[in-house]
Amino acid sequence: MSTGEIDVRYVADLARIELTDAEAAEFQSQLGEVLQYVGKLSEVDLSEVEKQIAAAKIENNLREDSPTEPLGSDKVMLNAPKSDDDLVVVPKIIE
């Protein structure tokens, strides 16, 4: 991918960042350097490298699923920022 394919001002606009002309030129130059480096990485011969996902033995470390006593509303309400009559009060988000 060449630097001409990425418009620094467009990306800055998406990120809501205002850039001066000097900053845009500097970032375009830096982006070009990054893309050149990535291009060099694509030249590396990986044909002898074993795929790590297939080679790794992946196991989940899960705790045993065993029944426990419920917390109870008193303990739950201790963590609620605001409560009313054993209910957690949340701010209204839809008008």
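**Close-up views of a predicted model**

**View 1. Arg9 and Asp21 form a salt bridge through their side chains, with 2.5 Å from N to O.** A salt bridge is defined as a side-chain nitrogen of Lys or Arg within 4 Å of a carboxyl oxygen of Asp or Glu. The pair connects distant parts of the chain, since Arg9 lies in helix H1 (residues 8-14) and Asp21 in helix H2 (residues 21-41), 12 residues apart. The structure contains one salt bridge. Arg9 is partly exposed, at a relative accessible area of 38%, whereas Asp21 is exposed, at 63%. In these legends, buried denotes under 20% relative accessible area, exposed over 50%, and partly exposed the range in between (1.4 Å probe, protein chains only). The model is predicted: local features require pLDDT of at least 70, side-chain atom pairs count only at pLDDT 80 or more, and totals for chains, interfaces and linings use all residues. Residues are numbered from 1 along each chain as its sequence is written, and side-chain values use heavy atoms, with hydrogens and water left out.

**View 2. The chain comprises four helices and two strands.** Along the sequence, these elements follow the pattern α-α-α-α-β-β. Helices (H or I, at least four residues) and strands (E, at least two) are DSSP runs, numbered from the N terminus. Of the 95 residues, 8% count as buried. The accessible surface amounts to about 9500 Å², and 54% of this belongs to carbon and sulfur atoms; areas come from the Shrake-Rupley method with a 1.4 Å probe, and for residues only the protein chains shown count as cover.

**View 3. Helix H2 has a buried side and an exposed face turned away from that side.** Ala24, Gly32 and Leu35 are the buried residues shown in H2. These residues lie on the same side of H2 because they cover an arc of only 85° around the axis, the arc being that of the directions from the helix axis to the C-beta atoms. The cover over the buried residues of H2 includes H1, where contact means heavy atoms within 4.5 Å. The face turned away carries the exposed residues Ala22, Glu33, Tyr37 and Lys40. The 21 residues of H2 should span 30 Å at 1.5 Å a residue, and the end C-alpha atoms are 31 Å apart, which agrees; the expected span is 1.5 Å times one less than the number of residues.

**View 4. Val34, Tyr37, Val38, Leu41, Val44, Leu46 and Val49 make a nonpolar surface patch of about 680 Å².** Patches consist of residues with over 30% relative accessible area and no salt bridge; like charges are joined within 9 Å, and nonpolar side chains (Val, Leu, Ile, Met, Phe, Trp, Tyr) within 5 Å. Val44 is located in the loop between H2 and helix H3 (52-55). Its relative accessibility of 46% makes Val44 partly exposed.

**View 5. Arg16 has a phi near 60°, a positive value in a residue other than glycine.** Most residues other than glycine have a negative phi. Arg16 is placed in the loop between H1 and H2 and is exposed, at 73% relative accessibility.

**View 6. Asp86 has a phi near 60°, a positive value in a residue other than glycine.** The loop that holds Asp86 runs between strand S1 (83-84) and strand S2 (87-88). Asp86 is partly exposed, with a relative accessible area of 48%.
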